[in-house]
Structures are given as structure tokens and as C-alpha cells.
Amino acid sequence: MLVVLDTNVIVSGLLKPYGSAGYVVRLVARGSLRVAYDARILLEHRQVLARPKFGFDTREVRYFLPQLEREGTPVTAPPLAASLPDPGDAPFLEVALATRCSLVTGNTKHYPPEVRASVELFSPAAFVASLALALGFDLLWEAPRATADLRPAR
């Protein structure tokens, strides 16, 4: 499956690895989810993840980003015809439109329906829920940690 990941999803996933965004980041890290990107998106990922305020383990970032790039799909996307509330979000929507894939973001309000056209927009939680429906609920449970007692009865 190919998606576009807004940088805020990666940041949230690394800060809270057991949340929905963390699950999405783990899918990317193990090669189960491919990411479409362009040079602007990669640059934003690198710059934001290097910010000292997040305190990310540089080794973690140093391994994750090259894997995202290696396993992902580079895209050259045409510019948007309309503007977004935050012009910095344009590369993510442009790549999603060019690849006809979903966009996963923590800022769904930044992508108005009239601009995003046919792009499916998901919050991390909604994306994980859609995977659960598409793949079968049990496939989403990985480890017996805190989620083990929440498994559905058979």
C-alpha cells in the first residue's frame, strides 16, 4: 500500500510509539507500508526530525529516513491549482494527487475538500482503523503488551 505521510505523523509516531501514529511509523519501518514523497517532503522530514526540541535518538532517525526513501516511491508532482491554508502543506497534497494515494496527517483541517479533490485524507487513527477493516482486525495486533487484553473474542 502506498500513502503520503505528513511530517507530523512521523513526529507523533516517534514521540508516542504505542499510539496510532506510532503504529503507522512501525509499518513504514518494517516495510509493510510504502511512502510516496518528493525532495521537498524528504527535506522537511529531515529538518523537523533534527530539531533539538523533540530529542529524537539520532540513530533512530538516521535509520528510519533512509529506509523510508529506499522503500518508498519518489514522485515529481505538478503544482496545485489552488492554495492551501498553510502553503507548506502543498507538497504532501501534490504528491498524493499525482500518485492517487491517501494522505495521512494529523492536520486534516489544513486540506479543505474543495482543494484535495479525490485524495482520501486520514488521521493516523482513522488510517489504522481503515487498515483493520481492510486486512482483518487480528492482523493489527502485534505484541502481547497492553493491547493483549483488548483482543476481540473469537
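**Strands and rings**

Biologist: How many bridges join strand 1 (residues 2–5) to strand 2 (residues 34–37)?

Modeller: This is a predicted model, where local features need pLDDT of at least 70, side-chain atom pairs count only at pLDDT 80 or more, and totals for chains, interfaces and linings use all residues. Residues are numbered from 1 along each chain as its sequence is written, and side-chain values use heavy atoms, leaving out hydrogens and water. Strands are DSSP runs of E with at least two residues, numbered from the N terminus, and two of them pair if DSSP finds at least two bridges between them. Strand 1 and strand 2 run parallel, and the bridges joining them number 2.

Biologist: Which strands stand at the edges of the sheet?

Modeller: Happy to show you: 5 strands form an open, parallel sheet in the order 3-2-1-4-5. Each edge strand has a single partner, so one side of each is left without a neighbour in the sheet; these are strand 3 (73–74) and strand 5 (121–122).

Biologist: Why is the pair of Phe54 and Phe56 called stacked?

Modeller: Rings of Phe, Tyr and Trp (its six-membered ring) pair if their centres lie within 6.5 Å, with planes under 30 degrees apart counting as stacked, over 60 as edge-to-face and the rest as tilted. The centres of Phe54 and Phe56 are 5.4 Å apart, and the pair is stacked because the angle between their planes is 15°.

Biologist: Is Phe127 buried or exposed?

Modeller: Phe127 forms an edge-to-face pair with Phe122, at 5.8 Å and 70°. Buried means under 20% relative accessible area, exposed over 50%, and partly exposed in between (1.4 Å probe, protein chains only). At 2% relative accessibility, Phe127 counts as buried.

How values were computed: Helix = DSSP H or I, 4+ residues; strand = E, 2+ residues; numbered from the N terminus.
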